[in-house]
There are 2 protein chains.
Amino acid sequence: MSTPTLKYRNQPTTKLEDLRHDGAQRILGIDPGLRVTGFGVIAVNGPRLAYVASGIIRIPNGALPERLSVLFEQLAHVMAQYEPVAAAVEQVFVHRNPSSALKLGHARGAAICACARAGLAVAEYTPRRIKQALVGTGNADKHQVQYMVQSLLRLQGNLQVDAADALATAVCHAHEQRFDCAWAGEKLIS
Amino acid sequence: MSTPTLKYRNQPTTKLEDLRHDGAQRILGIDPGLRVTGFGVIAVNGPRLAYVASGIIRIPNGALPERLSVLFEQLAHVMAQYEPVAAAVEQVFVHRNPSSALKLGHARGAAICACARAGLAVAEYTPRRIKQALVGTGNADKHQVQYMVQSLLRLQGNLQVDAADALATAVCHAHEQRFDCAWAGEKLIS
């Protein structure tokens, strides 16, 4: 089995240390796929968000068990390195192509198990909800979402598509958590 | 989250101790499903097979991450208890219904990761190959396969369908291993 490619781009940029000292918590967003899985870690403290890391796990061709094992182990490695306290993935209900649905299911199953194994609760969000959290409308296109991810997290340069989707899911989770706090009667900071 | 139902039926019947002393190795067969996952463990020593255990993991309704976590943990429990050295699952290429394919993919992803995590190599076999190994023809129906599982492993009473499918996959793996040995120039015992 060849060594999988694990790429980290966009090294931490701003205010990370401040957020860490301020009781910030990290959220891992995952965009699972059997060829490429994107991940993104953000730090959240109330209304403040900061980019921590993002990248892709490129899974080499091979037998399915080996590929899923690589995905599981590499995600475990990402979690050990960045210590998120929660994880979020995009929810999928249906898929047009049964064969693609099966492959996606395999990757999602492995990714969710990796998080559960690391003791992280995993939240799922529909694509519509993610777009709404980022852009304000569930009909936003991919470019708008990507633009908002870069803008909110103050990122420069190109962001890989899968990593951007993963970061968007993490930002959505941060947004939903604040919303939940507001409903629970806590002070809504943002 | 309610406690999942883990059922073991058909307690060990014959010659298990003999096989253990004789260098027998255990194979775990899994029939993954998001509602019910079947498993079966057999002991193999050359041409000799013996039943060790089988059962189903019944996964309670709930959020997908919780369900996959239950499946992962319960399979880990089964592996810790029965100490198989290899695992086998039925291979799936296509599925008519995209929604069912996605669910099956989730369960298969979790099951395969549980095995990989426990250090077990996972082999996949097509339904046709499993039927051929058990009944001698790839066109055999489910009842013939179930009959042969019970006959080969000398099992009495009713066997749950999912557990029987899992045992059939394990028997197929044992069969293929012998076949591989024969091709490698080793003495073909059976």
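Where is the place of I56(A)? We'll get there in the second view, after some ground rules. This is a predicted model, in which local features need pLDDT of at least 70, side-chain atom pairs count only at pLDDT 80 or more, and totals for chains, interfaces and linings use all residues. Residues are numbered from 1 along each chain as its sequence is written, chains are lettered from A and ligands numbered from 1 in the order in which they are written, and side-chain values use heavy atoms, leaving out hydrogens and water.

**View 1. Chain A as a whole, with six helices and six strands.**
Helices (H or I, at least four residues) and strands (E, at least two) are DSSP runs, numbered from the N terminus. Following the sequence of chain A, you get the pattern β-α-β-β-β-α-β-α-β-α-α-α. Of its 190 residues, 53% count as buried; buried means under 20% relative accessible area, exposed over 50%, and partly exposed in between (1.4 Å probe, protein chains only). Contact, here and below, means heavy atoms within 4.5 Å. Take the contacts in chain A between residues at least 6 apart in sequence: 67% of them join residues at least 24 apart.

**View 2. I56(A) and V44(A), two strand residues of chain A.**
Here's the answer to the opening question: I56(A) sits in strand 4 (residues 48–58) of chain A. With a relative accessibility of 4%, I56(A) counts as buried. Count along the sequence and T37(A) is 19 residues from I56(A), yet their C-alpha atoms are 5.5 Å apart in space. V44(A) belongs to strand 3 (residues 36–45) of chain A, and at 11% relative accessibility it counts as buried. Leaving aside residues up to four places away in sequence, V44(A) touches A24(A), Q25(A), I27(A), L49(A) and A174(A). V44(A) and H175(A) are 131 residues apart in sequence, with 9.6 Å from C-alpha to C-alpha.

**View 3. Helix 2 against helix 3 in chain A.**
Two packed helices are described by the angle between their axes and the distance between the axes. For helix 2 (residues 64–82) and helix 3 (residues 98–117) of chain A, that's an angle of about 35° and axes 9 Å apart. Axes are lines fitted to C-alpha atoms, for helices over the stretch in contact, and angles run from 0 to 180 degrees between N-to-C directions. From helix 2 of chain A come L64(A), L68(A), L71(A), F72(A), L75(A) and M79(A), and the residues they meet in helix 3 of chain A include H106(A), A110(A), C113(A) and R117(A). Sorted by class, this contact has twelve nonpolar, one polar and one charged residues. Ala, Val, Leu, Ile, Met, Phe, Trp, Tyr, Cys and Pro count as nonpolar, Asp, Glu, Lys and Arg as charged, and the others, Gly among them, as polar.

How enclosed is helix 3 of chain A by the rest of the structure? Largely, because 15 of its 20 residues are buried. After the helix comes G119(A), with a positive phi near 85°.

**View 4. E90(A) and R154(A), both in chain A.**
E90(A) is in strand 5 (residues 86–90) of chain A and is partly exposed, with a relative accessible area of 27%. Not counting residues up to four places away in sequence, E90(A) touches I30(A), R108(A), Y125(A), P127(A), I130(A) and T169(A). R154(A) is 64 residues from E90(A) along the chain, and their C-alpha atoms are separated by 23 Å. You'll find R154(A) in the loop between helix 5 (142–152) and helix 6 (161–183) of chain A. R154(A) isn't a glycine, but it has a positive phi of about 50°.

**View 5. E176(B) in helix 6 of chain B.**
Helix 6 of chain B covers residues 161–183 and holds E176(B), which counts as buried at 12% relative accessibility. The side chains of E176(B) and R129(B) are joined by a polar contact of 3.0 Å. A polar contact is a pair of N or O atoms within 3.5 Å; within protein, one must be able to donate a hydrogen and the other to accept it, and residues adjacent in sequence count only if both atoms are side-chain atoms.
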